[in-house]
Each structure stands twice: as structure tokens, then as C-alpha cells.
Amino acid sequence: MGHNRWVRCSLKTPLVRRGKLAILLGIPDPTVKFYTQVGLFEPASKTLHGHLLYDSQEMQQRYVRIRELKKKRLTIQEILERFLIEKV
């Protein structure tokens, strides 16, 4: 049986849909969608209707790290590589 990536969410942390995550982070919804598409954000779960749900605290930590690395002028690919190394 394959690994199910949708079961790694924490019950202590609220899961939110993309639009709510964008509001919480203060970024446009398309930015959340882009970060998800390129692998910088990973959904924690999925609704029965297919809506992705994000761990709001984890994504906030990731977004802070993304901003730090962007200030250092790293590309998206370089940030992804850092995330793999750091296991963020």
C-alpha cells in the first residue's frame, strides 16, 4: 500500500482552505496556489469535495522561511532545495 500524504495533519492545529490561508498570511490567493503547485506549500488534508486543507501554523512557518530566503535573492528552485535539506 502506498504512502498517504493526506494523513499527516495535526489535530491541534486548525486546517484551513486556500483562501483562508491567503488571508491569514496576508498574501494573494494565487500566491498560495503557486506555492502549492511548485511544492513550497503542502496540503495536510483534502475535503470530500476535493478542496485542499492546509495546516495554518506549519504554512505560516514555511512562509516566514520563504520570505527570509527570498530576501537573500534565492530562486524558487533554490528555496525548494533548502527545504529539502532543512526538512522544513
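In which kind of crossing does α3 pass α4? Helix α3 passes α4 in a right-handed crossing, a crossing being right-handed if the near helix is turned clockwise from the far one by less than a right angle, and left-handed if anticlockwise. This is a predicted model, in which local features need pLDDT of at least 70 and side-chain atom pairs count only at pLDDT 80 or more, while totals for chains, interfaces and linings use all residues. Residues are numbered from 1 along each chain as its sequence is written, and side-chain values use heavy atoms, with hydrogens and water left out.

**Confidence**
- The protein chain has a mean pLDDT of 86, and 84% of its residues reach 70 or more, where pLDDT is the predictor's confidence in each residue, from 0 to 100.
- Over residues 1-11 pLDDT stays under 50, and the model has 15 contacts beyond four places in sequence for them (contact means heavy atoms within 4.5 Å).
- Where pLDDT is low, the predicted coordinates should not be read in detail.

**Helices α3 and α4**
- The axes of α3 (residues 56-71) and α4 (residues 76-86) come within 11 Å and cross at roughly 125 degrees; axes are lines fitted to C-alpha atoms, for helices over the stretch in contact, and angles run from 0 to 180 degrees between N-to-C directions.
- The two helices, α3 and α4, are therefore oblique to each other, given that angles under 35 degrees count as roughly parallel, over 145 as roughly antiparallel, 65 to 115 as roughly perpendicular and the rest as oblique.
- Helices (H or I, at least four residues) and strands (E, at least two) are DSSP runs, numbered from the N terminus.
- On the α3 side Arg 62, Arg 65, Ile 66, Leu 69 and Lys 70 meet Ile 79, Arg 82, Phe 83 and Glu 86 of α4.
- This contact of α3 with α4 has 4 nonpolar, no polar and 5 charged residues, with Ala, Val, Leu, Ile, Met, Phe, Trp, Tyr, Cys and Pro counted as nonpolar, Asp, Glu, Lys and Arg as charged, and the others, Gly among them, as polar.

**Helix α1 and its partners**
- Helix α1 (residues 18-25) packs with α2 at an angle of about 110 degrees, their axes lying 8 Å apart, which makes α1 roughly perpendicular to α2.
- The axes of α1 and α3 come within 11 Å and cross at roughly 50 degrees, so α1 is oblique to α3.

**Salt bridges**
- The whole structure holds 5 salt bridges, each a side-chain nitrogen of Lys or Arg within 4 Å of a carboxyl oxygen of Asp or Glu.
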